[in-house]
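My entries follow the structure.

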Amino acid sequence: MSFNFDIAESTEDDSRRSLTPKEDVQWVPLQTHPVFTTTADGGGTAATASASAGGVRNLLAWDGASRLYYWDSNQQCLHRISIRLGEPDPTSVVAASPSKVLRADKELNFVVNKISINRNGSALLLAGSDDLCVMYLYGRSSTKENAIVCRTVSIGSQVYSSDSSAIRILQVSWHPYSDTHVGILSSDSVFRLFDLSSGVVQPEQEYYLQPVEPGRSRNAASICPVDFSFGGDHLWDRFSVFVLFSDGSVYILCPVVPFGSVYKWESILEIYSDAHTFGLKSAKSAAVNNSNMAISWLEATFPEVAQEATDRENLSIIKAHSHALFDASLALQGPLRKVCHGGEDEDLAVRGAECEGRAVSFLYNLVSKDSILVTAWSGGQLQIDALADEIQPVWITGSAPRLRVDSFDHIRGIAMICESIPAEHSIVKLDQPLDNTVWLGHPPPLLRLAIVDLALPRKTEGSSLITMLADPLMPERIYSLHEGGVDSIVLHFLPFTSQINGKDENIKTPSVHPVLSTCLGETSSSSPSPLSGFASLSDSFGYSWVVVVTSTQECVVLEMKTWNLLLPIQIDKEKPIDMEQQKEKDTPDIISKELLSGPKSVLAPQASPNLRSISADSIEGRSALHQYFKLFHENYVEYAHK
């Protein structure tokens, strides 16, 4: 259970720290906040122009707690808005007015089309197509014209922002296991990882992507990188980088680990044990060799795994050490191909038959035990796949990386050429035995779940730009942002999760719901109003909202339902119900009348109206938590055991 801390007190403290005069704070509905309702004449002109040039942008970011950030393209400033979720009623969002204005301490000579905040809320990325900066929200700052001036530093200035550079930034993202590492994919087909704590000029890691086999030629437009995504908290996925190319092909880099990043001990021990159990004991020499390299890499990157059991009893998290194999570089695993049923067309193993145009964006989403990959196409289709096997690390021996070391011979940077392995470009069959795939270096196959057509308005140039985000509260839901608005896609079938739960289900198609339409009318001549910001909010009570900002700085707040979305009611009225078959089903074993009726007594402590503003470490907060815990233990533990 979590509480929202006293935002008014924190806002007052911020004013005191910034030496600005104390202002009276008013709490207003977020959609009517002055930041979104008092735009100057011509406001949104710069936003609309940059949106038409750079596609769907996102100038809105949420720190996961009580602060919302919005980049004002016209005023060239960042608004920090304190918010309260679920007040005054559980379905509303209120914001503190006035907001705090943050400005960079340097002139930004580029158009910002994306902002992104790190995990601890201390730094925010300002990204454009030809430059990238990080703004430090706390620490050394000053005040100027009632604004907080924050230290702002360019990232990779020698590569991206030099006058002679033609390299464009395609995608940028914080690493999920580090507050200081930023991943950047650029038009020169290089993926770079920067450590902002040690240096912003030179990357810590560089991976030169070469998906084309030596000696073969392909259309240059078909091998351009488009997007990338880091993997999630699942086995080797957490060490993986997924790269999408414009022809729809997806490749994997594994393992990629930021130096100094932190991981759960149980997670590292799980993949370490798996390499010993399924790799070293394999009857195939290739599996033994691959698992040996993985074990060697794990023991060097996480030395604790090789220690005696008595020395690691109290470990909960471990830090990654800088390491690279001296005689091998990472393989560019792929392209990932879907599993086939015998005579299926091999040309469609990568690309869906219904997909039109070129691939424009990519999303990795971990839902329980399933790794979901979503590819958006310029024709308005979403190709949804699930990994049908686990990712494993693959190296190419004989291709040594370039290392940068300090005076103590500690590795400070690595660079390597990552090539695909021609021998592994085979079609994966559905009935293939497990011994033919595990630890043999094959890219994991894809299970095609669905192809969703968003039915976007046809454009004269035949190209729609789509951005996708996962719902932080309900990972089965995916939001798609495009020129016409926002759509919600809910997945109803997860192959691995359904198998683990003992369900033998057929593939259910996802459900698609329009969330917001920005089209001005029904006619084809009406042009949509582009979006400039989107954020998905949620609280600990299970409520969820989406916040959308248009290019004219209008704000829309919508409550999103989360209950019963995953349980679509399917009734066949024509088919009679066989009571004997109904009794043989497995579901009554886990859902009984006693469980559905709930615990015998449902009690709740007497909560004061200002419970949300109580600090968790105060006397009142501890007393409330103790009362909740006591009642939970007395009334719900017995029910939970059932």
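Strands here are DSSP runs (E, at least two residues), numbered from the N terminus. I work from a predicted model, in which local features need pLDDT of at least 70 and side-chain atom pairs count only at pLDDT 80 or more, while totals for chains, interfaces and linings use all residues. Residues are numbered from 1 along each chain as its sequence is written, and side-chain values use heavy atoms, with hydrogens and water left out.

I then checked the pairing (at least two DSSP bridges between two strands). β24 (residues 370–377) pairs with β25 in the antiparallel sense over five bridges, and T375 stands opposite Q383. β25 is also joined by seven bridges to β29 (residues 446–453), again antiparallel, with Q381 opposite D453.

I looked up burial next (buried: under 20% relative accessible area, 1.4 Å probe, protein chains only). Seven of the seven residues of β25 (residues 381–387) are buried, so the strand is largely enclosed by the rest of the structure. Q381, Q383, D385 and L387 point one way, and L382, I384 and A386 the other. Of the protein's 642 residues, 49% count as buried.

Methods: Buried means under 20% relative accessible area, exposed over 50%, partly exposed in between (1.4 Å probe, protein chains only). Helices (H or I, at least four residues) and strands (E, at least two) are DSSP runs, numbered from the N terminus.
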